[in-house]
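Please keep the sequence and the structure in view while reading.

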Amino acid sequence: MADVRIEKLYKAYGTLEVIHGVDVDIPDGEFVVLVGPSGCGKSTLLRMIAGLEGVTAGAIKIGGRVVNNLPPAERNIAMVFQNYALYPHKTVAANMGFALKMQRMPKPEIDARVAKAAEILGLKPYLGRYPRELSGGQRQRVAMGRAIVREPQVFLFDEPLSNLDAKLRVQMRTEIRELHQRLATTTVYVTHDQIEAMTMADRIVVMRDGHISQQGAPLELYDRPANVFVAGFIGSPSMNFLEGHVSRQGGTVSILVDGVTLPVTDRPGLEEGRKVTYGIRPEHLALDQAGFEAKVTVVEPTGPEIHLVLRVADREIIAVLRERHPIRPGDTIRIAPQPQMAHLFDAETGLRIE
């Protein structure tokens, strides 16, 4: 096992720069998820760690060794791809042991490693089957087994669950997390799915346009997003945003949005009239006769919750209620945010106001 250090990393294709001086320090044994929208640079960064993309400037260190110019085979990493990349004419056992065979490892040791990985992944009954005889989840386990048998210093996962159905994705992300807890190998995992990031990561790195917007523990990013982008990207349904300005009346501070008064707790920097973006998560809104008026446009029952799409001052917001209420589209309700759970961001920079 080894730590991974990414220092002032740049990547450019000709004059087009796609990674802009990224710094990430991944301690030995940590599970780090790179997350962000399509085109943010997360997969490019992963491929640079793997050696599949060259480095324009900066350094990638694995176990203290600079690997910028090393080919993938010499980096002691193993990568699990989105499309499994299994040999259709080889059995599960042959697929899992193929890389070891290419290294001219003795057959008894290959068999022992394959058997051990198959035991960990529940693949022992399938070692004699071919990929066409497996389900999607089983194929992904084989791809993971092929990585495990190599006993690498670092595991790299490139959106490995995106081809699976919803139920299997939930199952597989649990299995990958359990696998990491068992092997304690440094892991870098790329996804565009923030739910995967929240449920699997020790630390999340949120990327946008080749930059890191914020990195930290999942709940740290959820509770204290550094900017509007992170606040809107982390969380499902995403945070509600309303543009307004600070009002101070009789020692009470609030945010005014087109005549609607939104309560907030006082904090430094809330000068009278300052333009801000008011953020509130859907689960921090509750039915309250003392709240503001909102018109219901859509009701989405999910089972444990009811999602309400509301119209407030010509803006659309979402509220999540755990109780079951006889609310229908077209109804007018009164709803109130929890002041201590409100997030404030500067309207111009988008940065969090502490």
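## Asp23 and its salt bridge

Asp23 counts as partly exposed because its relative accessibility is 33%; buried means under 20% relative accessible area, exposed over 50%, and partly exposed in between, with a 1.4 Å probe and protein chains only. Its side chain meets that of Lys8 in a salt bridge of 3.2 Å, N to O. A salt bridge here is a side-chain nitrogen of Lys or Arg within 4 Å of a carboxyl oxygen of Asp or Glu. The pair links distant parts of the chain, with Asp23 in strand E2 (residues 16-26) and Lys8 in strand E1 (residues 4-13), 15 residues apart. Helices (H or I, at least four residues) and strands (E, at least two) are DSSP runs, numbered from the N terminus.

## Basis of the model

This is a predicted model, in which local features need pLDDT of at least 70 and side-chain atom pairs count only at pLDDT 80 or more, while totals for chains, interfaces and linings use all residues. Residues are numbered from 1 along each chain as its sequence is written, and side-chain values use heavy atoms, with hydrogens and water left out.

## Overall architecture

The protein has eight helices and 19 strands, and its C-alpha trace spans about 80 × 50 × 35 Å along the principal axes. Of its 354 residues, 49% are buried. Among contacts (heavy atoms within 4.5 Å) with a separation of 6 or more, 67% are between residues 24 or more positions apart.

At the interface, 10 residues of domain 1 are in contact with nine residues of domain 2.

The area buried between the domains is about 820 Å², of which carbon and sulfur atoms give 55%. Buried area is the accessible area (1.4 Å probe) that two parts lose on being put together, summed over both. Helix H7 (218-223) and helix H8 (228-233) are the elements that give two or more residues to the side of domain 1 that touches domain 2.

The structure holds 23 salt bridges. One of them joins the side chains of Glu53 and Lys11 at 3.7 Å, N to O. Glu53 lies in the loop between H1 and strand E4 (57-62) and Lys11 in strand E1, so the pair ties together parts 42 residues apart in sequence. Both Glu53 and Lys11 are buried. Thr44 is in helix H1 (residues 42-50).

Asp258 forms a salt bridge with Arg315, the closest N and O atoms being 2.9 Å apart. Asp258 counts as exposed because its relative accessibility is 55%, whereas Arg315 is partly exposed, with a relative accessible area of 24%.

## A buried histidine

His180 lies in helix H5 (residues 166-183) and counts as buried because its relative accessibility is 8%. A polar atom of its side chain lies 2.9 Å from the backbone oxygen of Gly29. Not counting residues up to four places away in sequence, His180 touches Gly29, Glu30, Phe31, Thr185, Thr187 and Asp202.

Note on methods: A polar contact is a pair of N or O atoms within 3.5 Å; within protein, one must be able to donate a hydrogen and the other to accept it, and residues adjacent in sequence count only if both atoms are side-chain atoms.
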